[in-house]
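Trainee: Could we take a close look at one part of this model together? I'd like to hear it as one connected story.

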Protein chains: 2
Amino acid sequence: MEEVIAAIVAKGNEVRELKAKKQDVKAQVAELIALKKQYKELTGNEYQPPAAAPAPKATKEEPKKEGKSKNQLKKEKKLAEKAAPKETKPKQKQAKPGKPSVTARPEGGSAMPSDSDLLLRQAKYAHFTAINGDANAQKVTPWDVEAEGGVDYDKLIVTFGTSQLTKDLVTRIEKLTGVRAHRYLRRGYFFSHRELNEILDHYEKGNKFYLYTGRGPSSGSLHMGHLIPFTFTAWLQKVFNVPLVIQLTDDEKYLFKEQTLEQSEHMAMENAKDIIACGFDMKKTFIFRNSDYIGTMYPEILKIQKCVTYNQVRGIFGFTGSDNIGKSAFPAIQAAPSFPQCFPIPFHNRTDMRCLIPCAIDQDPYFRMTRDVAPRIGYAKPALILSKFFPALEGATTKMSSSGPSPTIYVSDTAEEVADKVRRYAFSGGGESKADQEKYGANLDVDIPYQYLTFLVEDDVELVTLAKEYGEGRMMSGQVKERLITVMNAFNADFQKKRAAVTDEQVRQFMTVRPLEF
Amino acid sequence: MEEVIAAIVAKGNEVRELKAKKQDVKAQVAELIALKKQYKELTGNEYQPPAAAPAPKATKEEPKKEGKSKNQLKKEKKLAEKAAPKETKPKQKQAKPGKPSVTARPEGGSAMPSDSDLLLRQAKYAHFTAINGDANAQKVTPWDVEAEGGVDYDKLIVTFGTSQLTKDLVTRIEKLTGVRAHRYLRRGYFFSHRELNEILDHYEKGNKFYLYTGRGPSSGSLHMGHLIPFTFTAWLQKVFNVPLVIQLTDDEKYLFKEQTLEQSEHMAMENAKDIIACGFDMKKTFIFRNSDYIGTMYPEILKIQKCVTYNQVRGIFGFTGSDNIGKSAFPAIQAAPSFPQCFPIPFHNRTDMRCLIPCAIDQDPYFRMTRDVAPRIGYAKPALILSKFFPALEGATTKMSSSGPSPTIYVSDTAEEVADKVRRYAFSGGGESKADQEKYGANLDVDIPYQYLTFLVEDDVELVTLAKEYGEGRMMSGQVKERLITVMNAFNADFQKKRAAVTDEQVRQFMTVRPLEF
């Protein structure tokens, strides 16, 4: 029945899409009528379109910023932020009272649109909120993150249809594991999820789940932003004591970027060393490169491919007819490891294991698609725990990226390189002059050195103190930058030591298909 | 340079396509201008579109039959054929003098459109010659063959851009191998090719080539039509003494048809037994199921996928947005075995081996695409030797198919089943009454029992005698059918004996990745 409804919604969208392009829709309309007839035969009732999801409305209630051209905004942004640093401050706070909080929506309750609805709704508008002068506009795809006024994560929760990761859920994790929550959870860096509560129910009953995360090898060394999901995943593995699979998508990077297959394969192996240095348990972790492991996953990939139309991936990922055919088929390859059927040897043929995927929210479109397909091929949906982006050095309008033009801090950087990059490029929210800073204090929302420190400093007291001192103008921007350089270099030095200790033999072992211990 | 030209032609087609749909083409026109500029920079000359290929013109010179609706034609066809059986006879003859013969085109000469041009031309119109009352219209795709007045193979050579397999080439094969040509060559059943002459040059110089053919497992047993390419391939393997790879596309049949993956995989194994019974040399033959062997081919599949756009496969294969994403990526999987890089172990890492593909002409679109991609990834183009279709029992308007609604003669059929099917369904070109047959004789062009005998009878004298006696009315339709039943049952009995002797262990050996002997 769900399939018929999904088909009706899809066909309706197709008709509207074609109409919008002024193309002939006779055949599609006939199919739509046939589907509605099928619905009536199955239910005895006429098909009624689902009530409009409340999500977009909530977004509209947010105060709109004055509409300006992209260029205008770019020019004015820095000045505006310097001149009136406090203006954007309330944004960092939790949802305001009086404004309907998106987290108030019942978890998985009947009012929630289904994944299938969301998949289709998404196809229409969600991932490409056009950037045309609206300062709230943002573009978040697996390949691109752009948001003029900084990413609005509350809005992403609404448009993507995910749930907020509430304090209660964090507390529940602490109770179940007996371990204090990771700083990324305490500080809301992992801020959203899909069915995390179900994974916790499952775990509470004594059942195991497994973790699945991945990496697209487009650089020889990971950067600071890449480490976040891996260090967090290592923590999850440790506190829940669960197995983990890590997909290296060398095929994806070859298909989507200007790099050879050999380069992609090589970078995947280099990245594996960085990943291993994050502290995974070898007995419980299987790292695989798609070009090595595709054969085992192929039956599951085919099942997923058969359930997803080209129109759907075009809608979800924005592919065009000029894109190569590997791109349109790839989403099924990233989807497949969400199902334990892909890992008969690592998981001892146990197909009852639920999957939890820690990743940044730009990967959500893949798994929204996966969750839509899962029940149609008789599998459980993967759950997700979603992070914000690690902001770029020059500011939070985009994520740190190793493929963009802007400077990136790699974990392989020397102390001098880190110091130079932070001093020269890290966007400051501090006053323009010493006097300004003393008078107005710093805007921590846009201050990159402060934000990086929130990722790296474990001590909550230090962080609160620094926020107060810097925010209220008693600390200078340069001092904060120096503090970041010290912390970051200590982190890098430690990481580089661990990385240097990873042997080729260890990489081989992590990447050998073998039964995991759990 | 070829790439720039191909890009210009492609972009031009894209613009025309969009214009036809009344869509905005500004961006595409800009790209087109940029490409033409690039051409000028490289050559110093303005870009000139290639001279219109002469092929379509030649087709138009053929006398057009009176336009009629599809239904009208269907009703009138049988009557017309019976009433005036001689009328269509000249069609069987070789190209008439006075009519420009398509075989007169120079082999690979400069006037020939490149594969790339053909690929793009094809994308526009060739594969869907609309069936709208034009008796010459025909639809030939890898999934469908439909031609109201019987398939016009001369026209296919023109629209597909292949070369005619001339008597001279057949004689050359005989000289090189020292063996009399196979009856399928003598009788023009293998009627067309791409660069077969180059393969023969290569062979003449003492170099090896390899054969590649395949099977899409959509039925548990092969039918008579399936055996043709396999028995011919076994002959080629023997007389040239070359290795062979056979692809079983269980993935394709799962993606394109209503059958489960398990069914596809199972039918592939059953089909392997039928194929082995055709008499392949185990030491020189590697049979593989895509679901087993995909991992080894994956790097080559990715390289091909990266070179082919969705627009191209949509144009070549007629995919729509509602088709699943596996379909659009599949052509790369059928293309890959054209390159020896897919078989490092079977071919001892020799990447200098040319590939010759024996197949029915409906598979040509796959390899036209493959040949377009080959030079872009630094590989040699595969050569092709192309057969006509084994006609369906009810007449030559379509090919025999195990998935259509019409009766099919399987190699597993009992003698009674064969007799019953031939007597009841085989379309006869004989007179309606004994008197008619004696007066007008039979129309051998449409007579299915006679045509089947041309496939099965080795003795040229018997066949010529039968054609004369039956064609001139001294033999009755029933007698020819009985002769076919005898011949077919002898063939089937022999085949079934060989098939029964194929052990699971033999299948396992044929399907084991191992070095082939050559």
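Which residues of helix 14 of chain B are buried?

Mentor: Quick housekeeping: this is a predicted model, where local features need pLDDT of at least 70, side-chain atom pairs count only at pLDDT 80 or more, and totals for chains, interfaces and linings use all residues. Residues are numbered from 1 along each chain as its sequence is written, with chains lettered from A and ligands numbered from 1 in the order in which they are written.

Now your helix (helices are DSSP runs of H or I, at least four residues, and strands runs of E, at least two, numbered from the N terminus). The buried ones are Tyr310(B), Gln312(B), Val313(B), Gly315(B), Ile316(B) and Phe317(B); buried means 20 or more other C-beta atoms within 10 Å of the residue's own, exposed 12 or fewer, partly exposed in between, with C-beta atoms placed from the backbone. That is six of the eight residues in 310-317, so helix 14 of chain B is largely enclosed by the rest of the structure. Just after it, Gly318(B) takes a positive phi of about 75°.

What about the partner chain? The contact takes 31 residues from chain A and 31 residues from chain B, counting residues whose C-beta atoms, placed from the backbone, lie within 7 Å. On the chain A side, helix 14 (310-317) turns up again: helix 11 (250-256), helix 13 (290-307), helix 15 (325-335) and helix 14 each supply at least two residues. Helix 13 of chain A gives the largest share, nine residues. And 100% of the interface residues of chain A are also interface residues in chain B, so the copies meet through the same surface.

Notes:
Two residues are in contact if their C-beta atoms, placed from the backbone, lie within 7 Å.
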